[in-house]
Number of protein chains: 2
Amino acid sequence: MALTHIDDPADPRLDPFRDLKHSDQSGKGLVIAEGPLIVRRLLESRYPVRAIVGFAAKIDTFLAEEGVPELVADLPIYVVSRELLAEVAGFDMHRGLLAAADRAEPATVAEALEGAKTIAILEGVGDHENIGSIFRNAAGMEVDAILFGAACADPLYRRSVRVSMGHVLRLPFAYLDGSPTTWHHSLKPLVDDGWRLISLTPNTETLLKGALADNPEKVAFLVGSEGPGLTERAMRATQVRAKIPMAEGTDSLNLATAAAIAFYERQRAN
Amino acid sequence: MALTHIDDPADPRLDPFRDLKHSDQSGKGLVIAEGPLIVRRLLESRYPVRAIVGFAAKIDTFLAEEGVPELVADLPIYVVSRELLAEVAGFDMHRGLLAAADRAEPATVAEALEGAKTIAILEGVGDHENIGSIFRNAAGMEVDAILFGAACADPLYRRSVRVSMGHVLRLPFAYLDGSPTTWHHSLKPLVDDGWRLISLTPNTETLLKGALADNPEKVAFLVGSEGPGLTERAMRATQVRAKIPMAEGTDSLNLATAAAIAFYERQRAN
């Protein structure tokens, strides 16, 4: 570990942390972690960390955590002032500790599914916070992997990483093949492989608890976008449509909340 | 209804909509609704609407909705350009339709509890989005009222209203008496009145489903702040502590998600 004080906001070693507010660095192939909990999870992940930057006091506290000195042994650590970091990142980063890592190849679908019993499959989930919430809820309730259908936002975007509490860095995820109009064909092999695919939708009479009552061995919950929900073609590729009962005259739940309830119902039987 | 075009950003009739990004108007005793769905819910609520403002096309569409002309019959409607509204509000308001109402006295606890079978009681929930989510989830899953213990954020703040999908304007809520160190005494009358008070906390062995297995007639879920959770003194004033099972090594759920799961479990039995 090499602690280096940096006073010049133009120092190129700070480039991974530049203009985070507007451009995000994820477009440049980086993963950014904010705050000690998530920085630690990034250090423990398969993503190769390039550098850590932070305020002196925050770095001191972080280095005093059990196991952290080993995790950062080979890494540059840049000590900066709050003002300098605000200038570089483009906003006041009160957490005071950041890490940047390079991306790694996503898992293959087969790798993500290895040993999995419960997964979620997302379609058209374009909101980074919803993606982050789904990973947080999945990790908390024993969901084993997330598969992305078409038109989803990037799970490694800074805001997704933060809202997930770093669980996007831990929980396996993979991308199903295909365009928005063809990706549903990628669901067929899952059905053939014994997965019960359950579309979460308010437009059915089947209750979620009914769809899970026989405690199937392998379950995949399909979750669609906030407004229109799952496409008809995706739902047709699943065996079951199931709803969470809603009070009359109310809208559907937020999709991450609906997914959380599905994960809960699944775990409830075990 | 009186449609008036306004071209001058300094026009005092636009004052209720001024500088929404930074100051919010809720501090001035107003309630702000954004977008047609929530504007409509504000018009249908007990809050006296002062005025509506929007882009010409958005107002046209809104006025064509069934029932809207009657709801706005006595109200001034200001037609403005997108640029002007952005200048007045302080940010680009792509929804293009806003309404401002005066506040009304909150309900008393007795009024909020009238006929109620399921409620939530919040302590230290300081985040406006979490408050909004809780109202949205409560409305969706047949929760009858929300009671505020100490140190919660304002449910009528613009962001809470928006995240709630306007349900803070519909679902009864009331404030329990007392300071952060005394408000738990306000829980005693609820216990005496036959409510089962259930503290949601990860630090117990009792499962949520167990705490509800006998399907009690009246249930109140206590939900604490995102970090520290409920205070020990609040939990001591409840009869039961219950948890949502969590995977090992994961953090607790977001508090609005935990509340949603409790609401789901309660509704599940009915």
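The model is a predicted one.

Start with the sheet of chain A. It is open and has 5 strands, in the order β1-β4-β3-β5-β2 (chain A). The pairing is mixed. Strands of a sheet pair through backbone hydrogen bonds, either parallel or antiparallel. At the edges of the chain A sheet stand β1 (2-5) and β2 (30-34) of chain A, and each of these pairs on one side only. From one strand to the next, the twist averages 20 degrees.

Now look inside this sheet. Strand β3 (residues 49-54) of chain A runs antiparallel to strand β5 (residues 97-102) of chain A, and 5 bridges link the pair. One point to find is A:Ala51, which stands opposite A:Ala100 in β5(A).

Turn to chain B and its sheet. Here 5 strands make an open sheet, ordered β1-β4-β3-β5-β2 (chain B), with mixed pairing. β1 (2-5) and β2 (30-34) of chain B each have a single partner strand, so one side of each lacks a neighbour in the sheet. The twist averages 20 degrees between one strand and the next. β1(B) runs parallel to strand β4 (residues 76-79) of chain B, and 4 bridges join the two. Within this pairing, B:Leu3 has B:Ile77 in β4(B) as its bridge partner.

UniProt, in an unreviewed entry, lists residues 119-264 of chain A as "domain: tRNA/rRNA methyltransferase SpoU type". Over residues 119-264 the chain is 29% helix and 16% strand. The end C-alpha atoms of that stretch are 12 Å apart.

Next come the helix pairs. Two packed helices are described by the angle between their axes and the distance between the axes. In chain A, helix α6 (residues 128-140) packs with helix α11 (residues 255-268) at an angle of about 10 degrees, and the axes are 9 Å apart. α6(A) and α11(A) are therefore roughly parallel to each other. Their crossing is right-handed. From α6(A), the residues that meet the partner helix are A:Asn130, A:Ser133, A:Ile134, A:Asn137, A:Ala138 and A:Gly140. On the α11(A) side they meet A:Leu255, A:Ala256, A:Ala259, A:Ala260, A:Phe263 and A:Gln267. By type, the contact of α6(A) with α11(A) divides into 7 nonpolar residues, 5 polar and no charged.

Chain B has a helix pair to set beside this. Helix α6 (residues 128-140) of chain B and helix α11 (residues 255-268) of chain B pack at about 10 degrees, with axes 9 Å apart. That angle makes α6(B) roughly parallel to α11(B). The two helices cross in a right-handed sense. Among the contact residues are B:Ile134 and B:Ala138 of α6(B), along with B:Ala259 and B:Phe263 of α11(B). This contact, too, holds 7 nonpolar residues, 5 polar and no charged.

Finally, go to where the two chains meet through α11. The axes of α11(A) and α11(B) come within 10 Å and cross at roughly 60 degrees. That makes α11(A) oblique to α11(B). The crossing is right-handed. α11(A) brings A:Thr257, A:Ala260, A:Ile261, A:Tyr264, A:Glu265 and A:Arg268 to the contact. α11(B) brings B:Thr257, B:Ala260, B:Ile261, B:Tyr264, B:Glu265 and B:Arg268. The contact residues of α11(A) with α11(B) divide into 6 nonpolar, 2 polar and 4 charged.

Conventions
Residues are numbered from 1 along each chain as its sequence is written. Chains are lettered from A and ligands numbered from 1 in the order in which they are written. This is a predicted model: local features need pLDDT of at least 70, side-chain atom pairs count only at pLDDT 80 or more; totals for chains, interfaces and linings use all residues. Side-chain values use heavy atoms; hydrogens and water are left out. Two strands pair if DSSP finds at least two bridges between them. Axes are lines fitted to C-alpha atoms, for helices over the stretch in contact, and angles run from 0 to 180 degrees between N-to-C directions. Angles under 35 degrees count as roughly parallel, over 145 as roughly antiparallel, 65 to 115 as roughly perpendicular and the rest as oblique. A crossing is left-handed if the near helix is turned anticlockwise from the far one by less than a right angle, and right-handed if clockwise. Contact means heavy atoms within 4.5 Å. Ala, Val, Leu, Ile, Met, Phe, Trp, Tyr, Cys and Pro count as nonpolar, Asp, Glu, Lys and Arg as charged, and the others, Gly among them, as polar. UniProt positions are given in the numbering used here, feature names are shortened, and annotations may be inferred rather than shown by experiment.
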